[in-house]
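Here are my notes on this model, point by point. Please read them with the structure open.

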Amino acid sequence: MEPAPTDAETVDRLTRVTLVGALVDAALGVGKLFVGQLAGSHALVADGLHSLTDLATDVPVLVVARRARAGPDLRHPYGHGRFETLASLVLGAVLLLIAGGLAQDSLLRLLEGATGVPGWPAIAAALLSIGAKEWVFRYTRHAATELGSPLLLANAWHSRSDALSSVAVLVGVLGAMAGLPWLDIVAAMAVALMIGWVGWELIRDAALELVDTGLPEETLHEVMAVVRTVPGVRGAHHLRSRRMGADVLLDVDVEVDGTLSVSEGHRIATAVRDELIGHFPAVRSVNVHVDPLRGAVEADAERAPRATVTPVSETAGDADDAALPMRQEAEAALRAALVPELAQDLRRLTLHYQEDGIEAELFLREDATVLSDEQTLLTCLRGEGLAWLHALRLWRPHRPGR
């Protein structure tokens, strides 16, 4: 897999691609306006205005691209990707206004019978526009796909709409020259509808992103499949997604063995994040919540030969996390219940919050003077206030020759 382009490289390419399109738009817009007036083609004049709207949209792409690719800061902790979304929304609104104006003007001309027969230069201008704008569309779309820029992709489709509108102009001019002068006005109205449709699509897509619409269902299935392949992940659920401009943000809950340490659970979460970013280039941020799989921990003779597990049969029913004591309270109660010699030899205490209550692991110091057995543990567990304790595991230091 090729390395993803840096933000600086992305901005440079966005700028270069947009400038190429802007030069073409400027030349075509001015040229079609001039030829349209000269040849008497209202459709070509409308198409010239369409090309100039492309030029107008190139400006926000150039301005917003740098801002949108800036890294997170204090006021925008998730980055500035929504600047592209906002620009697309404004661009769509501008296109709708332009489309409405062109449609109104064309309809008035048609009702008033202000029709005429365009000259042949209009045909040449329409053909040149079709070829040039189709090339700009393909060039821009290719760059937008590689960079993952919705704003650049929107600009590419705007260029395609300009090419299609030039096709409508060509049909209208040919029809007018064939004896149907009203076709030139109808072609102008068709151009207006195309501009309006592109504007509506831009507004719709931007609105969906602004309300945090998630990724398609099939993509979410692919994400979950990748998550479940990570070693240590026993299950995954509650996957959430949203877009931030060209970036995708993910939140997912993964289930791991409830007996793992915090650091190992964190390591698994990091692996999940790295795996998703590696498989999906558009993913910029992954927030992984680790859920411990809860259930009784059974003694494992091979894994824990020097550990003694003592269940507490008095524990009743399943426990609720909210009802279980926090570590400070639980540790104080356990230490108070232990015989003084065992409490003094305690080096570390690990708590596992399970369905049946808390399972505690007691690690003794290397120089422990008391090497307790099951009966001592049972005696220790008879203290009051330990109803939440489900089982206790004692880890004794290794003594050579034992």
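**Notes on the predicted model**

1. Start with the open sheet. Three strands make it up, in the order β1-β2-β3, and the pairing is mixed. The edges are β1 (235-244) and β3 (283-293); each has a single partner strand, so one side of each is left without a neighbour in the sheet. On average, neighbouring strands here are turned by 15 degrees against each other, direction ignored. Bear in mind throughout that this is a predicted model.

2. Next, the pairing inside that sheet. β2 (residues 247-257) runs parallel to β3, and the two pair over 10 bridges. Within this pairing, valine 252 faces valine 288 of β3. Helix α7 (residues 217-228) packs on the sheet and touches β1 and β2. The direction of α7 makes about 130 degrees with that of β1.

3. Aspartate 253 deserves a look. This residue sits in strand β2. Is aspartate 253 buried or exposed? Its relative accessible area is 9%; the cut-off for buried is under 20%, so aspartate 253 counts as buried. Leaving out residues up to four places away in sequence, aspartate 253 touches Gly235, Ala236, His237, His238, Arg240, His289 and Asp291.

4. The largest nonpolar core has 24 residues, and Leu44, Leu95, Val169, Ile195 and Leu202 touch the most other members. Two or more residues each come from α1 (7-39), α2 (42-68), α3 (82-112), α4 (121-147), α5 (150-177) and α6 (182-210). Which element gives the largest share of this core? That is α6, with 7 residues. Leucine 202 contacts Ser88, Leu91, Gly92, Leu95 and Ala154, with neighbours within four places in sequence set aside. There is also a second, separate core of 22 residues; Val254, Val256, Ile268 and Val286 are among them.

5. On aromatic rings, the count comes to 1 aromatic pair. The partners are tryptophan 135 and tyrosine 139, which are stacked, with 5.2 Å centre to centre and 5 degrees between the planes. Why are the two residues about one helical turn apart? Because they are 4 residues apart in helix α4. Tryptophan 135 is partly exposed, at 47% relative accessibility. Tyrosine 139 is partly exposed too, at 28%.

6. Strand β5 (residues 346-354) pairs with β6 in the antiparallel sense, over 8 bridges. They form a hairpin, with 2 residues between the strands. Threonine 350 has glutamate 361 in β6 as its bridge partner. Arginine 348 lies over the face of phenylalanine 363, 4.0 Å from the ring centre.

7. β6 has another partner. This strand and β7 (residues 389-395) pair in the parallel sense, over 6 bridges. Alanine 360 stands opposite leucine 392 of β7. How many residues of β6 (residues 357-364) are buried? The count is 8 of 8, and β6 is described as mostly covered.

8. Last, the chain as a whole. Its secondary structure comes to 11 helices and 7 strands. Of its 402 residues, 44% count as buried. Among contacts between residues at least 6 apart in sequence, 73% join residues at least 24 apart.

Notes: Residues are numbered from 1 along each chain as its sequence is written. This is a predicted model: local features need pLDDT of at least 70, side-chain atom pairs count only at pLDDT 80 or more; totals for chains, interfaces and linings use all residues. Side-chain values use heavy atoms; hydrogens and water are left out. A nonpolar core is a set of buried Ala, Val, Leu, Ile, Met, Phe, Trp, Tyr and Cys residues joined through side-chain atoms within 4.5 Å. Buried means under 20% relative accessible area, exposed over 50%, partly exposed in between (1.4 Å probe, protein chains only). Contact means heavy atoms within 4.5 Å. Rings of Phe, Tyr and Trp (its six-membered ring) pair if their centres lie within 6.5 Å; planes under 30 degrees apart count as stacked, over 60 as edge-to-face and the rest as tilted. A charge sits over a ring if NZ of Lys or CZ of Arg is within 6 Å of the ring centre and within 35 degrees of the ring normal. Two strands pair if DSSP finds at least two bridges between them. Axes are lines fitted to C-alpha atoms, for helices over the stretch in contact, and angles run from 0 to 180 degrees between N-to-C directions.
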